[in-house]
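Dear colleague,

Please find the structure below, handed over for your own analysis. A short account of what was found follows it.

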Amino acid sequence: MSLDPVQVMSGQVKGLKVGPSSNGDSRGSWEEKEDQDNVGLATKPKPVTGRRTRKVEGGVFFPKPENAVTVAVSSRVLFRTEREQKVFEQDGVEEYLRFQIEHENEPFTPGPAFPFVKALEAVNCRLRELYPQSEELFDIVLVTYNHAHVGIRLINTINHHNLFIERFCMTGGSSPIGYLKAWQTNLYLSADADKVREALSEGIAAATMFTSEKVTEVSESQLRVAFDGDAVLFSDESERIFKAHGLDKFFEHERDNEDTLLDHGPLKGFLEALGKLQKKFYAKGQRLDCPIRTYLVTARSAASSGIRALKTLRAWGLEIDEALFLAGAPKGPMLEKIRPHIYFDDQMFHVEGAAEMGTVAAHVPYGIAQKHNAKQNSSVRK
Amino acid sequence: MVSTIQNTDVKQKEADRAVVVAVTSRAVFDCGADDGDEVCEVGVAFPLLQALQRVNERLLEENPSESLLFDVVLITSDSQQQQQSSRIISSTRHHGLEISSFCFSSEEDFTESLLKNNVHLFLTTDRDEAAQASQKGVFSALLNGKVASSEQLRVVFCGDAVIRTDAEPPSASQDAAQSFWAQLGEMRRRFGMLDSPLSLVLLTSRGGRESCGTALQTLRSRGVNMDEAYSLAGAPRSPILSLLRPHFLLINHLQD
């Protein structure tokens with residue numbers, strides 16, 4: 001059975017029965033149709049070692065969610081939508097949608113997650129060169145609770161910026177969290193802290209992003225991801241000690257427990273996913289030239305409390321390219337030197353500090369620091 | 001032999017304006033062995049009928065003289081069910097279902113009853129029945145085997161086949177599909193963005209963002225504005241479908 005790709009895309013299918021008369025059985029379930037669809041998928045049948053590849057128009061290769069490192073981004077962090085947000089808040093949803101449709105052919109400008117997404121695509125290019133058949137790639141999915149009315153503008157914008165995003169969910173107001181799971185999301189970035197918290201509680205690595213006016217230039221060829229240690233890569237157990245009993249007790253506790261591994265934090269899995277991709281470059285002799293670089297930027301000290309962090313990472317089999325122990329010094333200047341595409345921290349104080357110096361910082365609303373954040377905010381308001 | 005009985009308990013809809021939805025009685029009622037019980041258990045299509053009814057109620061709330069309403073017709077072609085016709089009718093009454101007429105026919109000529117009743121959409125759990133009806137030019141769809149739980153009527157359209165090249169003349173079934181969609185689009189416009197009793201969902205499984213975008217534009221040009229859109233670009237459909245919880249899934253049946 002040969003399928004002309006043009007015909008498949010335009011809906012004219014000869015030979016392939018999409019209708020219900022296809023199978024012998026009469027009781028229908030949609031899941032069975034999946035297999036029918038697979039047969040129709042390949043635009044150019046290509047011999048692959050055992051595995052059926054999924055292709056879309058243009059014969060571009062597309063990964064299965066379980067094999068890819070899926071990064072889900074909301075429209076508000078991928079693009080700048082402040083003007084539209086204002087319309088929504090002041091004039092309501094109907095006016096907001098009317099406004100969006102009116103400006104449909106005006107692409108949005110890049111948002112805080114944009115450079116990060118571009119860097120992911122650069123890594124994909126390199127991965128495809130080395131491993132053309134592999135599905136171990138970054139897969140970027142737009143997950144937004146916008147209505148489909150905004151869809152055309154979003155698609156036009158993606159086209160305009162030449163982004164490689166073919167998958168999206170526009171939920172028209174319902175929670176996107178279920179879809180994150182369906183896409184086997186490895187990292188979720190959103191402007192909505194509540195959604196981020198919900199994702200974290202479902203075990204999905206997530207962080208809140210903010211739009212900042214000052215953004216320093218970042219590399220277009222090497223993806224750089226920086227992580228805070230406690231309550232991001234590691235659990236917040238040590239931070240709890242510090243908050244409850246102070247710095248001395250913290251040091252004592254860390255020293256006493258130096259050989260006990262820290263528990264994992266919400267972003268550990270994402271670091272792991274990055275590590276797996278890094279190893280693919282190393283396997284092809286590209287360690288020095290690796291387009292992914294990871295950083296640990298922690299307030300811990302190298303000589304003391306940092307040891308436990310390093311031992312934990314080693315025990316987990318995770319390599320981190322650079323570990324920066326600041327011993328409590330401000331993170332902003334260090335981050336400005338590193339120029340990561342994204343920096344994850346559980347404390348808004350550090351996120352804001354980083355942003356002031358032009359680093360794109362994302363807040364991970366996890367652990368004991370959140371209660372502290374809340375207290376700080378309310379005292380500031382007084 | 002085809003016979004139609006009008007349900008006198010229900011106000012009949014305007015023939016040329018209503019959206020006639022035919023459902024097989026097998027899907028609506030689970031009439032087990034006649035154990036003396038007057039009333040049958042409800043089947044998988046029951047929540048769907050409730051959702052259709054809610055849409056009608058809301059339409060009439062917006063405009064008491066609204067004529068663009070769902071008109072539900074029950075098709076019984078199964079000989080076993082035929083014998084239970086009085087139970088079917090009394091079950092309808094018992095559950096307060098707004099079914100305007102009951103059509104009884106044999107298995108061979110049930111399509112005739114669909115055409116006679118000017119059915120715009122035929123819903124069944126049986127693939128073969130759907131195929132047969134399609135071949136006669138009646139837009140058909142398979143019912144969700146798992147009971148959908150949402151109150152809102154959720155209609156999912158698999159948009160991979162929306163665009164038809166102009167070279168091919170439209171088949172009767174495609175025309176039926178298009179006119180059904182136009183009616184749904186008009187119904188949807190009666191409500192605002194929030195708190196609508198029906199939601200129109202576009203799902204493209206194969207093509208990437210371009211084909212989803214083109215589908216959105218094509219549908220909009222036909223007066224159908226989707227509420228939600230999902231582009232899968234080859235990812236498995238089942239996890240997404242189980243979240244979408246559609247009452248039915250519409251695919252353009254393309255005939256060979």
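**Domains, core and chains**

In chain B, 24 residues of domain 1 are in contact with 20 residues of domain 2, contact meaning heavy atoms within 4.5 Å. The model is a predicted one, in which local features need pLDDT of at least 70 and side-chain atom pairs count only at pLDDT 80 or more, while totals for chains, interfaces and linings use all residues. Residues are numbered from 1 along each chain as its sequence is written, chains are lettered from A and ligands numbered from 1 in the order in which they are written, and side-chain values use heavy atoms, with hydrogens and water left out.

Domain 1 of chain B covers 2-142 and domain 2 covers 153-250; these bounds come from an automatic or database domain assignment. Their C-alpha centres lie 24 Å apart. Between them the two domains bury about 2,000 Å², 72% of it on carbon and sulfur atoms; buried area is the accessible area (1.4 Å probe) that two parts lose on being put together, summed over both. Arg58(B), Leu68(B) and Phe139(B) supply 30% of the area that domain 1 of chain B buries against domain 2 of chain B, more than any other three residues.

The largest nonpolar core has 150 residues, and Leu189(A), Phe270(A), Phe344(A) and Trp181(B) have the most contacts inside it. Such a core is a set of buried Ala, Val, Leu, Ile, Met, Phe, Trp, Tyr and Cys residues joined through side-chain atoms within 4.5 Å, where buried means under 20% relative accessible area (1.4 Å probe, protein chains only). Both domains of chain B give residues to this core, so it lies between them. Helix H6(A) gives the most to this core, with 8 residues. A second, separate core of 12 residues includes Tyr295(A), Met348(A), Val351(A) and Ala354(A).

Helices (H or I, at least four residues) and strands (E, at least two) are DSSP runs, numbered from the N terminus. Among the buried residues of H6(A) are Phe114(A), Leu120(A), Glu121(A) and Arg126(A).

Chain A has 16 helices and 14 strands, and buried residues make up 53% of its 382 residues. Chain B has 9 helices and 12 strands, with 62% of its 256 residues buried.

Yours sincerely

Conventions
Buried < 20%, exposed > 50% of the residue type's maximum accessible area, 1.4 Å probe, protein only.
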